[in-house]
Amino acid sequence: MSNSALKFVEVAHQLDCGDSVFPAVICNEQQLSTLEQCEQWIRENKQQLEDKLKESGAILFRGFPLNSAETFDQFSNAFDYPNFTYKESLSNAVRINFTKRVFTANEAPKDVEIYLHHEMAQTPISPSKIFFFCKSSADEGGATPLCRSDKLFEALQERSPALAADFENKGLKYTTQMPLLDDHDSGQGRSWKSTLSVETKMQAESKLLELGYSWEWKDDDSLRATTPCLPAVVKLSNQKKVFYNQLIAAYMGWKGVKEDPSSAITFGDGSHIPASGLEMVASLAAQFTFDLPWQDGDLALVDNYMTMHGRKPFAGERKRQVLVALAMD
Ligand SMILES: [Fe+2]
């Protein structure tokens, strides 16, 4: 296997991004039937897989013998990327851990759409790669939209060079509200204790100080925290610029942000981001987005710098279970 080129297949609605097809799709044509065979196949072909990931931004693996959190853990572990744990992250989504590496993608109710974002780009610490695994797909809906951020930023530079330059030069600050207790009805309901891995307000403050945040305690013991200036645009090692942030998710999906964007997102110098610019970015993104229609057993490896993801609402009796493992390399 190691000497032959990997064969990528076509699926409906893939995007032609000029330099690559998005996402890349690979089927288990070798009929690898055990996890040991899969692990060996990954190790033998790792360089080719990594090259493809860099070029395309995401790879879908279909037809591999995966059916549980444990098999997903083992398959993703074969790539040998250092683990990025949910516990250590500053993610504000409520999640449930299955194994040390594997947790639920987001516990938000099924009618809630999670809009496009780079995982944890609204915090100073974010993973470089994301593995998604579909343990069970929804009866209806529930696709994971994937969007090429390099293409989005190119399009933004063409459409509005001044706004693109502002994002690139000024960066961003995010303000989030963290409740005292986990709120399972919200897409961002993780408590401050869990988010910051602390028990007391004093410990929370010292963690926030260390991370460069400013903050304010509310009467209901929730915490309103503002990040230090974070980049809105990142230059990758191949010189491509990516729109690396959570602006679309924040503007479209965070509570009250559409009405008043400055309540949650500003440029890094504290100045307002025009709502018209945010609308433009959100609508431009649709052109570079592929809705991944999950089949049971599918696994997707996503480059978190190049590709944004989200979650479409879903319906029906069947429990949609998409699990996640994060890596930092
Ligand atoms: Fe996410």
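# Sheet, cores and domains

Q: In what order do the 4 strands of the open sheet stand, and in which sense do they pair?
A: The order is S11-S12-S10-S15, and the pairing is antiparallel. S11 and strand S15 (265-267) are the edge strands, since each pairs on one side only. From one strand to the next, the twist averages 15 degrees (axes are lines fitted to C-alpha atoms, for helices over the stretch in contact; angles run from 0 to 180 degrees between N-to-C directions). This is a predicted model: local features need pLDDT of at least 70, side-chain atom pairs count only at pLDDT 80 or more, and totals for chains, interfaces and linings use all residues. Residues are numbered from 1 along each chain as its sequence is written.

Q: How do you know that S10 and S15 pair?
A: They share 3 bridges, in the antiparallel sense. Two strands pair if DSSP finds at least two bridges between them, so S10 and S15 qualify. Strands (E, at least two residues) and helices (H or I, at least four) are DSSP runs, numbered from the N terminus.

Q: Why is His184 called exposed?
A: His184 has 11 C-beta neighbours inside 10 Å. A residue is buried if 20 or more other C-beta atoms lie within 10 Å of its own, exposed if 12 or fewer, and partly exposed in between; C-beta atoms are placed from the backbone. The count is 11, so His184 is exposed. His184 sits in the loop between strand S10 (172-178) and helix H6 (192-196). Not counting residues up to four places away in sequence, His184 touches Val94, Glu107 and Gly189. Contact here means C-beta atoms, placed from the backbone, within 7 Å.

Q: What makes Asp221 and Gln239 worth a look?
A: Asp221 has a positive phi of about 65 degrees although it is not a glycine. Gln239, also not a glycine, has a positive phi near 75 degrees. Most residues other than glycine have a negative phi.

Q: Why do Asp221 and Gln239 count as exposed?
A: Asp221 has 12 C-beta neighbours inside 10 Å, so it is exposed. Gln239 has 6, so it is exposed too. Asp221 lies in the loop between strand S11 (214-217) and strand S12 (223-226). Gln239 lies in the loop between strand S13 (234-235) and strand S14 (241-242).

Q: What kind of peptide bond joins Phe22 and Pro23?
A: A cis bond, with omega about -10 degrees. Most peptide bonds are trans.

Q: What makes a set of residues a nonpolar core?
A: The members are buried Ala, Val, Leu, Ile, Met, Phe, Trp, Tyr and Cys residues joined through C-beta atoms within 7 Å. The largest nonpolar core has 77 residues, and Phe132 and Leu299 have the most contacts inside it. Strand S20 (residues 321-327) gives the most to this core, 6 residues. At least three residues come from each of domain 1 (15-148 + 291-327) and domain 2 (150-285). Another core, of 7 residues, lies apart from it, with Leu196 and Tyr213 among them.

Q: How do you know that domain 1 and domain 2 touch?
A: 26 residues of domain 1 are in contact with 31 residues of domain 2. The domain bounds come from an automatic or database domain assignment.

Notes: Contact = placed C-beta atoms within 7 Å.
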